[in-house]
Amino acid sequence: MSVDTATRPTGPAPAPGRANRRTRSGRTGSGMVGASQGGRWWLYLVLVVALVAVIAPFAWMVLGSFKGEGELRQIPPTWLPQHASLDNYTQLFSKLSFGKYFTNSIVVAVVVTAGNLIFCSMLGYALAMLDFKGKKAIFIAVMGTLMIPGVVTFVPLFVLVANAGLIDTIPGLFLPFLVSPFGVFLMRQFILGLPKDLLDAGRVDGAGELRIFFRIILPLCGPALATLGILTFLGSWNNFLWPLVVAQSEDQYTLPVALALYSTGQNSTNYGLLLAGATVVIIPILVVFLIFQKRFIEGIATTGLK
């Protein structure tokens, strides 16, 4: 009797077939997951092809900067340099006043970026959180300006800068671009998602609008500011047409203008010098993006959400 009691199971017996059903369901679930993953091979293939299509021009640019002019022009072209050399970079830094042009580009890009971060965020805050007469009309004007191509306003903007006496000056390169309609729209959409209770608490404590903006709003706008800063810096750094028209002396050239003018001769183009210059020009953009990429992705993902 005691033996039967000791060997008898204490818990309830499992229902017949439950373990088998559980095993079969587990196998079926894993099989479905494997089938779904196997059915997505075409998606991974498309992504790999797209990645190669994006990276290939940059890889060609960097590798081509170490090739001679004859190798760059030969047919069929070579992917890896047969006789790698630094002649293009040596010519770039010796032939051009590289430091001067690089400094001009940095000054213009930094000032334009800082101006957009400050003024676009201030106007975005006003359109998102403040109530005043003509608010809707201003927002409609901003959206209308956003829809106008830049080519349409190029000549009037040049006439305005010329009448102000800013032709062939560094201020003439950055003053017209201190505020952008896209930046205003981006900051307004992000600030709309911030709780208004924070503003009410600041006003109860006696803080003015400027103090609320700088002490409460700006610290919360990190993702949007990073997004706007990267896009603005990228656009200003690569801007070619406006500096080409406004900067009429070599001392005011930015780096893209100098590279385009000095790498293109009367009869031919020095592609090696052009590729080396393009490789150097892209380095600051990569550094800025790598530093702020987390904020940039967060700003793109959250802007416009409430």
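Select Glu-209 and Arg-203 to start: the two form a salt bridge, with their closest N and O atoms 3.0 Å apart. The model on screen is a predicted one.

**The salt-bridge network**

Asp-200 and Arg-203 both belong to helix α11, residues 197-204, and sit three residues apart, about one turn of the helix. With Glu-209 shown as well, the view holds a network of salt bridges linking Asp-200, Arg-203 and Glu-209.

Now move to Lys-135 and Asp-131. Their side chains meet in a salt bridge, 3.7 Å from N to O. Asp-131 counts as exposed because its relative accessibility is 73%, and the cut-off for exposed is over 50%. The structure holds three salt bridges.

**Aromatic pairs**

Next, show the rings of Phe, Tyr and Trp. How many aromatic pairs does a search of the whole structure find? The search finds eight. One of them is Tyr-125 with Phe-213, a tilted pair with 5.6 Å centre to centre and 45° between the planes. Tyr-125 is in helix α6 (residues 98-129) and Phe-213 in helix α12 (residues 209-220), so this pair ties together parts that are 88 residues apart in sequence. Tyr-125 is buried, at a relative accessible area of 4%. Phe-213 is buried as well, at 3% relative accessibility.

Then select Phe-177 and Trp-242. This aromatic pair is edge-to-face, with 5.6 Å centre to centre and 85° between the planes. Phe-177 lies in the loop between α9 and α10 (181-192), while Trp-242 lies in helix α14 (residues 241-246), so the pair ties together parts that are 65 residues apart in sequence. Colour the two by accessibility: Phe-177 is partly exposed at 28%, whereas Trp-242 is buried at 2%.

For a further aromatic group, pick Phe-102, Phe-233 and Trp-237, which form one cluster.

**A buried serine**

Go to Ser-65, in the loop between α3 and α4 (69-73). Is Ser-65 buried or exposed? Its relative accessible area is 0%, so Ser-65 is buried. Draw a distance from the side chain of Ser-65 to the backbone oxygen of Val-62, which the side chain reaches at 2.5 Å.

Which residues does Ser-65 touch, not counting those up to four places away in sequence? Select these in turn:

- Ser-85, Asn-88 and Tyr-89 are among the residues that Ser-65 touches.
- Gly-272, Leu-275, Ala-276 and Thr-279 are also among them.

**A nonpolar patch**

Switch to a surface view and select Trp-41, Trp-42, Leu-43, Tyr-44, Leu-45, Val-46, Leu-47 and Val-49. These residues form a nonpolar patch on the surface, and together they have about 860 Å² of accessible area.

**A positive phi**

Select Asp-168, in the loop between α8 (150-163) and α9 (170-174). Check its backbone: phi of Asp-168 is near 65°, a positive value in a residue other than glycine. Asp-168 is partly exposed, with a relative accessible area of 24%.

**The whole chain**

Finish by zooming out to the cartoon. The protein chain has 16 helices and zero strands. Of its 306 residues, 31% count as buried. The accessible surface of the chain is about 18,800 Å², with 68% of that belonging to carbon and sulfur atoms. Taking contacts between residues at least 6 apart in sequence, 73% join residues at least 24 apart.

Key:
Residues are numbered from 1 along each chain as its sequence is written. This is a predicted model: local features need pLDDT of at least 70, side-chain atom pairs count only at pLDDT 80 or more; totals for chains, interfaces and linings use all residues. Side-chain values use heavy atoms; hydrogens and water are left out. Patches are made of residues with over 30% relative accessible area and no salt bridge: like charges are joined within 9 Å, nonpolar side chains (Val, Leu, Ile, Met, Phe, Trp, Tyr) within 5 Å. Accessible areas come from the Shrake-Rupley method with a 1.4 Å probe; for residues, only the protein chains shown count as cover. A salt bridge is a side-chain nitrogen of Lys or Arg within 4 Å of a carboxyl oxygen of Asp or Glu. Helices (H or I, at least four residues) and strands (E, at least two) are DSSP runs, numbered from the N terminus. Buried means under 20% relative accessible area, exposed over 50%, partly exposed in between (1.4 Å probe, protein chains only). A polar contact is a pair of N or O atoms within 3.5 Å; within protein, one must be able to donate a hydrogen and the other to accept it, and residues adjacent in sequence count only if both atoms are side-chain atoms. Contact means heavy atoms within 4.5 Å. Rings of Phe, Tyr and Trp (its six-membered ring) pair if their centres lie within 6.5 Å; planes under 30 degrees apart count as stacked, over 60 as edge-to-face and the rest as tilted.
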